[in-house]
Amino acid sequence: MNQPADEKNWVGKALPRKEENRLLRGRGRFSDDVKLRDMLYLRFVRSPYAHARIVSVDISAAEALPGVVCALTGAEVVAQTQPFIEIGPDPFAKIKDYPLAVSKVRYQGEPVAAVVAQSAALADDAAELVQIEYDALDPVIDAEDALLNKSVLHDEAGTNQVWNGVFEYGEVEKAFKEAAHIVSIDRMHFHRFSSTPLENNVVIGCWDPKDERIYYECNNSFPSFAIQFLAAHLQVHIDRIRVETSDIGGSFGIKITSYPQMAICALASKKAGGRPVKWVETRSEHITSSAHGNERTFRDTRIALDKNGVITAITSRHIDDCGAYPRYEPLGCVIWSQVFAGVYRFKNARIDFSQAVTNKCPVGPNRGYSRMQHLWFLERVVDICAHELGIPPDEMRLRNYIRPEEFPYTTPNGCVYDSGNYPKMLQLAKQRIGWDEWKKKQAAARKEGRLVGIGIGTTLDSGTNNFGQSQIVNPGLPYSGNSQGANCKLDIYGEVVVAVGSCPQGQGHETTAAQVVADVLNIHPDLVTVRTGFDTERNVHTGFSGTYASQFAVSGLSAVHGAAQKLKAEMKRLGAFVLQTKENDIEFGTGAQGPELRAKSTSKSINYWGLANLVNANSAALPEELYEVTLNCRYIWRAPFKVPDKQRKYGNLTLTYASQLHIAVVEVERDTFIPRILDYVAVDDCGTVINPPIVEGQVYGATAHGIGAALMENCVYDAVGNMLTSTFSDYTPITAMNMPKVKYDHIETPSPHSYSGAKGMGEGGAAPVHTISAALQDALFAEGVFIDDSFNNADSLFRALVAKEISQVGKLVKVEKR
Amino acid sequence: MYPRAFHYHRAGSLQEAVTMLSQLGDDAKLLAGGQSLIPLMKLRFANPAHLVDLNFVSGTSYIKEENGSLLFGPLTRHAEIENSALAAKIPILHDCAAGIADVQVRNRGTIGGSLAEADPSGDWAVVLMTLSTDVRCLGRNGQRTVALNSFIKDAYTTELAHDELVSEVTVKMPPKGSGGAYLAFKRAAPVYPTASAAVQLTMEGDTCKDAAIALGCVGLTAIKATDAEAALRGKAVTEKSVAAAVEAARTVADPQPDMRGSADYKRTLVGALVKRAIAAAVRRARGEQVEVNHLYA
Ligand SMILES: Cc1cc2nc3c(=O)[nH]c(=O)nc-3n(C[C@H](O)[C@H](O)[C@H](O)COP(=O)(O)OP(=O)(O)OC[C@H]3O[C@@H](n4cnc5c(N)ncnc54)[C@H](O)[C@@H]3O)c2cc1C
């Protein structure tokens with residue numbers, strides 16, 4: 001503990017993570033570790049059908065099984081609750097989303113009933129005894145088919161179209177008229193996948209009948225959003241819902257949408273007389289029915305280019321598939337427009353964006369949420385244009401990138417990119433991978449008939465949302481801006497304790513928050529205790545608190561910084577009184593008796609215990625004018641946003657724009673069609689780095705997720721809506737065995753929009769998905785293959801190359817040279 | 001995911017296990033490594049009323065060399081075989097053991113359980129089919145020896161009677177000048193292969209004196225590719241004879257489309273694996289040290 005005093009600038013240091021001691025020794029506490037007295041176990045009974053009418057639900061045999069306490073059906077839920085809030089406008093605002101299916105099931109795996117028993121094994125037994133009769137309906141699997149409304153999922157809406165809007169900026173027609181080249185692409189498709197947290201969803205719910213309080217221990221990753229949905233649904237005051245989270249084994253946004261299961265645990269607890277009810281999701285449940293990432297289809301894309309290959313305009317029609325219930329959607333219908341222009345300079349574009357429900361698992365905001373689909377689209381556009389026009393892909397990018405001197409750059413839709421330097425990242429990535437060498441090796445390999453490609457992916461990770469963009473999808477919504485809360489105090493014995501409204505899942509918040517406070521108070525980070533993990537009763541949350549959307553470095557640490565500064569100001573005031581000097585003459589440091597305040601140029605000092613004691617336990621010694629000093633400082637940070645122009649769909653939607661530039665060298669083996677990554681580099685720019693190893697860890701993790709998504713992970717449904725990838729044998733998440741060696745590097749373009757220059761990061765923009773598609777495109781263009789899907793594996797490459805059933809340039813891409 | 005309730009019995013000897021099976025009847029199952037059985041029970045696809053645990057029977061996990069054969073105890077774990085210098089005398093055995101699933105599965109899963117399960121995608125049957133392998137079976141009436149080729153009858157179906165168990169697996173040492181290799185393509189470590197090929201060649205100079213070729217995951221059981229063997233046997237291993245063997249292997253393969261790939265793709269893949277395995281087998285037959293690793297996505 002006794003570190004040398006006055007060490008400066010902990011922010012930026014490779015400080016080992018404070019939480020490592022706990023997590024790496026298996027001493028973490030996860031929700032499933034928590035066992036409460038008289039706890040019961042819940043199991044869902046799920047639909048085997050993708051789309052069916054529920055004829056009857058009979059829980060009597062299940063309830064009769066010894067050890068079973070109760071069972072719950074949709075009808076009982078309807079009688080006690082209001083349907084969940086819908087974020088979207090009419091007609092989808094009218095749909096009735098309950099946590100158990102009521103008259104219809106809309107995806108395979110949808111919960112229809114719940115059983116509660118004294119043990120998890122008994123609950124499994126009871127679930128088998130629930131009798132449900134179904135009457136199958138026509139399933140809708142493809143989003144484009146869904147828009148034809150031949151079979152409608154939600155009768156109350158009368159349509160499968162959740163949302164539609166046209167995003168148009170600049171002078172599109174003029175640009176096409178003046179274009180030197182026009183490239184048209186019939187169809188492209190971004191596939192469904194999920195980021196597969198190691199820990200599945202877990203909820204313990206307890207609805208105490210005595211004081212009408214609901215207690216949750218769970219691993220939801222956006223609890224302040226969940227309680228807003230739950231309070232309205234369960235008809236209780238929001239203050240009556242307490243949510244605590246513990247260590248969380250990954251979320252990647254997937255755990256944001258666990259509020260339906262949270263509702264059921266509370267209702268089940270109530271029915272069981274207030275006994276706590278625990279639900280631990282199985283892996284197959286997680287894969288089939290927690291949340292998937294958004295699937296998107298891009299139709300009728302047209303690109304106008306000038307004679308140098310500079311893109312001047314894009315028009316396209318995008319259809320997003322949100323699965324059976326919108327839940328967090330249709331926010332994804334606007335979130336993508338945070339990166340409307342990607343890293344490119346084009347000014348004219350029209351995107352007709354719609355979203356449809358289908359009989360598949362509902363989507364959730366999966367890592368890279370809604371932006372990665374659009375970034376992939378743009379990267380495919382840039383690449384195919386480069387190949388068609390014979391411009392090298394690196395050159396093509398340099399001609400189209402936003403230039404370093406243009407920052408802060410305002411995009412056609414009013415977003416302000418804070419900082420960045422894409423050409424510099426490209427240069428660094430090329431240097432790190434040995435671009436020129438690989439070009440030579442590639443030429444030699446091609447002579448031997450080998451299929452080697454080099455691909456570039458440039459990606460944005462926009463962080464700290466302006467929730468005002470929700471008003472673009474529904475003008476009636478009461479959300480805008482962004483905020484986060486933190487509290488910093490000296491406890492009774494003078495300990496520095498920080499609480500933040502975040503619920504980290506491996507992002508190292510305990511460490512980075514301590515670094516920030518240590519710098520403010522000029523003490524060692526070991527002297528700062530950080531309370532992370534959400535707890536509504538810590539009272540540090542706002543309506544946006546949680547851990548999601550690449551923002552802690554900005555929103556979380558700005559809140560921590562604000563609270564620490566508030567505390568410092570109070571300590572100064574108090575110190576000046578005790579040490580009989582001016583506030584400006586107070587110095588902060590660490591002395592023989594721990595952290596202390598000193599009067600400049602004197603030997604007078606008071607340590608933190610002395611200060612805290614004066615306020616908390618020796619208050620008769622405190623003069624009245626200092627009564628307002630509490631040494632317990634709450635600070636709410638707010639992002640400087642305005643409400644966007646809803647009509648024009650124009651405004652700044654995000655505060656910071658981190659960027660990633662990846663290069664992959666990929667070979668498709670001629671005999672096995674296995675795509676092999678021969679080399680890989682990831683260059684990152686998230687502004688000022690607060691803790692280098694934490695950032696590097698996020699980059700590796702996001703890279704693994706992206707490579708998995710590009711080559712291995714695909715949520716597949718058959719024509720009637722059976723999910724074919726419901727176990728790890730079929731949904732094969734990436735493991736270390738499949739990881740290439742990744743070369744990592746970074747540049748720093750500090751953000752002018754955050755106090756430290758840091759940008760939010762962590763989602764990584766799914767950079768490898770674009771990068772690997774680009775490398776495959778480079779490898780296979782000469783073979784007449786167009787990489788039209790974000791998922792490519794040995795089998796699909798075989799079908800494109802040999803069977804020529806799919807992904808043929810000749811069929812999908814047209815070029816008009818004027 | 002919890003299995004249905006079941007009775008647990010701990011056998012003290014293999015003979016006692018046999019007695020338990022015959023007394024408990026059809027609803028009883030043996031538990032070896034549990035790496036096939038327990039997942040099925042957790043999914044409630046298998047719901048035995050009784051489990052007879054073999055794990056506490058001593059002397060059932062061993063690798064010995066006797067009379068020109070390697071002998072494996074029924075509970076010998078994949079990991080023991082992977083790490084055994086004795087087993088490495090037949091390199092194709094090491095290729096197989098080291099490539100099954102991941103470390104956790106290899107630490108538990110057994111060679112006896114694997115053959116008894118007769119999973120169409122299991123690795124052991126494919127490899128052992130290219131060697132001279134006998135399965136010793138213990139029943140109420142004592143031991144009998146069944147050649148591997150007749151032991152596995154169909155997908156998930158073996159020659160074993162209900163109250164009979166695998167008590168030993170014996171593999172004849174290949175002759176001098178013989179070399180083999182086993183190669184699979186796996187989408188991820190803890191997943192059965194998309195397709196696999198085992199090749200054991202006995203060479204005399206450039207001529208292939210004898211060939212054994214088996215294919216995995218492209219039929220209801222491992223497939224002995226006899227036409228492919230004939231394409232090499234007695235011939236020089238040249239581009240042409242190899243191509244003929246590959247073609248014969250592709251022809252005999254009978255893959256089903258599933259999440260691992262389309263039928264056409266699997267057929268193409270298995271051909272490529274046979275070709276690569278032949279190349280490695282030839283080098284090993286010549287006495288070269290060749291490391292063979294499965295292909296991963
Ligand atoms: C994630 C995962 C991935 C896997 N991947 C692969 C793979 O790639 N390749 C592969 O080959 N295998 C794979 N396996 C299976 C693994 O090799 C199993 O260990 C093996 O198939 C069964 O052996 P076991 O000892 O675990 O048998 P158990 O699961 O205990 O038993 C399997 C069956 O055999 C019976 N049985 C067991 N021992 C005997 C005996 N001595 N005599 C008669 N009957 C017996 C049991 O009653 C049961 O019906 C995988 C398993 C898992 C969990």
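Helices α7(A) and α8(A) sit oblique to each other. The pair, residues 223-234 and residues 259-271 of chain A, packs at an angle of about 45°, with axes 10 Å apart. As for handedness, α7(A) and α8(A) make a right-handed crossing. All of this comes from a predicted model.

Helix α11 (residues 371-389) and helix α20 (residues 767-780) of chain A have axes that come within 9 Å and cross at roughly 20°. That makes α11(A) roughly parallel to α20(A), the cut-off for that label being under 35 degrees. Here too the handedness can be stated: α11(A) goes past α20(A) in a right-handed crossing.

Turning to the ligand, its surroundings come to 31 residues, and the closest are Leu30(B), Gly34(B), Leu37(B), Thr110(B) and Asp123(B). Sorted by class, that shell holds 17 nonpolar, 10 polar and four charged residues. Several polar pairs can be picked out. A nitrogen atom of the ligand, in turn, lies 2.8 Å from a polar backbone atom of Val166(B). On its own the ligand would expose 960 Å², and the protein buries 92% of that area. Three elements of chain B give two or more residues each to the shell, namely β2 (28-31), α6 (111-117) and β10 (165-172). Of these, α6(B) contributes the most, with four residues.

Most peptide bonds are trans, and most residues other than glycine have a negative phi. Between Asp90(A) and Pro91(A), however, the peptide bond is cis, with omega near 0°. Pro91(A) belongs to the loop between α3 (74-80) and β4 (104-105) of chain A. Another cis bond links Phe407(A) to Pro408(A), this time with omega about -10°. Pro408(A) is in the loop between α12 (393-400) and β16 (409-410) of chain A. Then there is Lys649(A), a residue other than glycine whose phi is positive, near 55°. Lys649(A) is placed in the loop that runs between β25 (632-638) and β26 (654-668) of chain A.

Notes. Residues are numbered from 1 along each chain as its sequence is written. Chains are lettered from A and ligands numbered from 1 in the order in which they are written. This is a predicted model: local features need pLDDT of at least 70, side-chain atom pairs count only at pLDDT 80 or more; totals for chains, interfaces and linings use all residues. Side-chain values use heavy atoms; hydrogens and water are left out. A residue is near a molecule or strand if one of its heavy atoms lies within 4 Å of it. A polar contact is a pair of N or O atoms within 3.5 Å; within protein, one must be able to donate a hydrogen and the other to accept it, and residues adjacent in sequence count only if both atoms are side-chain atoms. Accessible areas come from the Shrake-Rupley method with a 1.4 Å probe; for residues, only the protein chains shown count as cover. Ala, Val, Leu, Ile, Met, Phe, Trp, Tyr, Cys and Pro count as nonpolar, Asp, Glu, Lys and Arg as charged, and the others, Gly among them, as polar. Axes are lines fitted to C-alpha atoms, for helices over the stretch in contact, and angles run from 0 to 180 degrees between N-to-C directions. Angles under 35 degrees count as roughly parallel, over 145 as roughly antiparallel, 65 to 115 as roughly perpendicular and the rest as oblique. A crossing is left-handed if the near helix is turned anticlockwise from the far one by less than a right angle, and right-handed if clockwise.
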